[in-house]
Amino acid sequence: MRNPENTVSQNLLCFSHLRWDFVFQRPQHLMNRFAKNFRVFYMEEPVYVQAATPTLVSYVKMHNLTVIVPHIPIGTSPEATVELQQVLLGSFLESAGEQAWTFWYYTPIALEFSRNYKSSLTVFDCMDELSAFRFAPESLKRLERELIEKADVVFTGGHSLYEAKKNLHSNIWPVPSSIEKEHFGKARISREQPADQAAIRGTKLGFFGVIDERFDLELIEGLSRKRPDWHIILIGPVVKIDPITLPKGANIHYLGQKNYSELPAYISGWDVALIPFAINESTEFISPTKTPEYLSAGIPVISTPIRDVILPYGIKKLVHIASDTDGFIDAVEAILKQGDKTEWLNKVDEFLKDISWDSTQEFMAAQLALALNSNLKVSIAS
């Protein structure tokens, strides 16, 4: 069978608002897999440095995958930063020679410096409603409309986001984030916890991910106060919120950011996994990747009523849904009393059996090939 990727440009330039070495999530999972058949370049947002001239710094992360970062002199204005990135991108593309490129966007902001360069295919992987996030630029909505109009294919990070945008493009697909079952399945086998967590004795409620404006701080504080005998394990960086505002308590443990490879060992020691997101504008369309990751680890999950968690996970009773502190407490107590989890785990495994990052990337690659073939037909006909 012919590999559909062979019909697509073998050079992929990904514009992302997320640092490659920050939290390992959707862009890293997908670009790692595209690098098996593409030369992938992952362009981050600029960093500002003490330098006389701007430059593009590159880091090889694996075979066929290079991270490139614009280094811009400190003090450069936003307008000049856009112009310098345009120049740096032009130099990069010229140095690569006459190549056909697929431009893959996670951030519409990148259009400001890339819109004048031609690609064989333009992809918008809309993983979040970025305009709803704290400190989002006012221009983001306008640029997203421009990117959707320009894109040959659009993916969304979940079904609720697809429903919100499905009428904006004729070739748009819901592609919820996926899982590496073998990776998180390690939590079912090994119960050897890392030292900083092993020292914590008692019932453990855990969370990993970015702690930002989506996080329900009042829920965590309420759980800590009402059940001081339970320990709340929070793993991940604190971003865009003042650390002073974080709930404090003898039973709240901030363990900091961990490597993706370390997560199964931490999860293995939890009794319950938490998805404690506030219900607000920034969480209206999110589809938390951690939902299937927690389930792959074999750990019962409680979530606030996030739409993409309710459907399908809550409806299928794979995840407990609770709206407030007392609801979370009742759910934890029910889980702790449950005992044998075999029936629940069988349902989880049946649901997850066909879900993987490999199959997700293969589906997206097939859509790229179809979109490119459609472009070629239009070009020939015209």
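Reader: What volume does the second largest pocket have?
Author: The structure is a predicted model. Rolling a probe the size of a water molecule over the atoms shows where empty space is left. For the second largest pocket, the volume is about 400 Å³.

Reader: Which helix supplies the largest share of the lining of the second largest pocket?
Author: The lining is made up of 22 residues, and His159, Val175, Pro176, Ser177 and Ile355 lie nearest the centre of the pocket. At least two lining residues each come from helix H11 (290–296), helix H12 (307–314) and helix H15 (357–381). The largest share is five residues, and the helix that supplies them is H12.

Reader: Is Lys317 buried or exposed?
Author: Lys317 lies in the loop between H12 and strand E15 (320–321). Its phi is near 60°, a positive value in a residue other than glycine. Exposed means over 50% relative accessible area. Lys317 has 64% relative accessibility, so this residue counts as exposed.

Reader: What is the relative accessible area of Lys240?
Author: Lys240 is found in the loop between strand E11 (230–235) and strand E12 (252–256). Although Lys240 is not a glycine, its phi is positive, at about 65°. Lys240 is partly exposed, with a relative accessible area of 29%.

Terms used. Residues are numbered from 1 along each chain as its sequence is written. This is a predicted model: local features need pLDDT of at least 70, side-chain atom pairs count only at pLDDT 80 or more; totals for chains, interfaces and linings use all residues. Side-chain values use heavy atoms; hydrogens and water are left out. On a 1 Å grid over the protein atoms alone, a cavity is a set of points where a 1.4 Å probe fits but cannot get out, and a pocket is an open set with protein on both sides within 12 Å along at least five of seven lines; lining residues have an atom within 4 Å of a point. Grid points are joined across faces, edges and corners, and a volume is the space filled by probe spheres set on the points. Helices (H or I, at least four residues) and strands (E, at least two) are DSSP runs, numbered from the N terminus. Buried means under 20% relative accessible area, exposed over 50%, partly exposed in between (1.4 Å probe, protein chains only).
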